[in-house]
Amino acid sequence: MSVGFIGLGNMGLRMAKNLLKHRYQLVVYDRNQPAASDLVNLGAVFANSPAEVAEKSEEAIITMLPSSQHVREVYLGAEGIFSLEASGGEFRAPLLIDCSTIDPYTTRHVADMALQTRLAAGARAISESVPSPFLIDAPVSGGIVGAEAATLTFMVGGEEAAVDRARAILECMGKSVVHCGASGNGQAAKLCNNLALAISMAGVSEGLALGQKLGLDPRLLSSIFNSSSARCWSSDTYNPCPGVMPGVPSASEYNGGFAASLMAKDLHLASASAGSCNGKTPMGDAVQQLYAEMIEKGAGAKDFSGIFQHVYNGESA
Ligand code: NAD
């Protein structure tokens, strides 16, 4: 069965490679065509637009894009997935799986548009009550390390029958698929996760930076964190201090990984969501300010763990 994949950046490329390993045929698109060349060499077919991906995909279309604006463009734009209907093309994929981290309101809007357009009139319904195509939100946690190793956690929103149908595909790319409820709830879970992650990354950075200034070896201090109450993913899996761990962005000048600008986007989405439900994000707002300063200094494309450099000496990675 062929699966479409749109958005082949730090995460999407690694996730798509894992689908190829499970012998799915891939139809891929990225607006930056060279991003697809590795996959094309491995046998994927490059399409020239999201609409062409839709035309050639039989089981599902996965999107892994930076932000809400890009998701709207890829689904609703002039050459977007839903434009296939207007051009008279045949749409067969029953599942649309958006793995991007975006705001829950855009997710619900695009999911509604999928229901309204009924593009897959000729496709099998997913169940008696779930029409095709059906869009589920399935943002991920685990970073590039999890994307590479196929150990991502998917936080999924949408009808249960559609989530069950998507499991076989998602389990090729991750180790855990958690159904969070209705459409948009996967995004809500992801925003809360990243709010806590940004705060913990800033906290570990602050502790390690202070420790170094007090004369402690950051490797020793990290090993103490990791066997003490400061232990968390930011200290034991994705340590932000150069020289502590191999194979993470802090070991390679904060290149690759999860861009600081994307973390700033998630913090903004979390505080905006809080504003809509009488919630509060005081710690998140303080960390958002640190990321704004980092971006201002030109380090928005660096990995978000580069916040260590920023808190260490006020200079960006
Ligand atoms: P990225 O910027 O590395 O990749 C995004 C890709 O989408 C790029 O290749 C870009 O060319 C492509 N793209 C953008 N607009 C497009 C369009 N209109 N049509 C086709 N292609 C388009 O981003 P990433 O780090 O892979 O992150 C993707 C999503 O996953 C984001 O929402 C991010 O918040 C989330 N996320 C990232 C990580 C991580 O560690 N990088 C972890 C969890 C979640």
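For burial, the count is of other C-beta atoms within 10 Å of a residue's own, with C-beta atoms placed from the backbone: 20 or more is buried, 12 or fewer is exposed, and in between is partly exposed. Before going on, the source: this is a predicted model, in which local features need pLDDT of at least 70, side-chain atom pairs count only at pLDDT 80 or more, and totals for chains, interfaces and linings use all residues. Residues are numbered from 1 along each chain as its sequence is written.

Back to arginine 23, which lies in the loop between α1 (12–21) and β2 (25–29). Elements are DSSP runs numbered from the N terminus, helices being H or I with at least four residues and strands E with at least two. The phi of arginine 23 is positive, about 65 degrees, although the residue is not a glycine. Glutamate 253 also is not a glycine and has a positive phi, of about 50 degrees. Its place is the loop between α10 and α11, and with 13 other C-beta atoms within 10 Å it is partly exposed. As background, most residues other than glycine have a negative phi, and most peptide bonds are trans. Which form does the peptide bond from serine 132 to proline 133 take? That bond is cis, with omega near 0 degrees, and proline 133 is in the loop between α5 and β6 (134–137).

Proline 240 sits in the loop between α10 (233–236) and α11 (260–276). It is buried, with 30 other C-beta atoms within 10 Å. Neighbours within four places in sequence aside, its contacts include Met201, Val204, Ser305 and Phe308; a contact means C-beta atoms, placed from the backbone, within 7 Å.

Aspartate 303 is in the loop between α12 (282–296) and α13 (307–313), and it counts as buried with 28 C-beta neighbours inside 10 Å. Aspartate 303 and glycine 256 are 47 residues apart in sequence but 6.2 Å apart in space, C-alpha to C-alpha. Beyond four places in sequence, aspartate 303 is in contact with Pro249, Tyr254, Gly256, Gly257, Phe258 and Ala259.

Now the helices.

In α4 (residues 68–76), the residues Ser68, Val71, Val74 and Tyr75 are buried. Seen down the axis of α4, they fall within an arc of 130 degrees, so they line one face of the helix; the arc is that of the directions from the helix axis to the C-beta atoms. They pack against β1 (2–6), α3 (50–56), β4 (60–63), β5 (95–98) and α5 (104–117).

How do the axes of α4 and α5 cross? They come within 10 Å and cross at roughly 5 degrees, with axes fitted to C-alpha atoms over the stretch in contact and angles running from 0 to 180 degrees between N-to-C directions. The two helices are therefore roughly parallel. Under 35 degrees counts as roughly parallel, over 145 as roughly antiparallel, 65 to 115 as roughly perpendicular, and the rest as oblique.

In the second pair, the axes of α8 (residues 185–213) and α9 (residues 218–226) come within 9 Å and cross at roughly 135 degrees. That makes α8 and α9 oblique to each other. Val204, Leu208, Gly211 and Gln212 in α8 meet Pro218, Leu221, Ser222 and Phe225 in α9.

Note on methods
Two residues are in contact if their C-beta atoms, placed from the backbone, lie within 7 Å.
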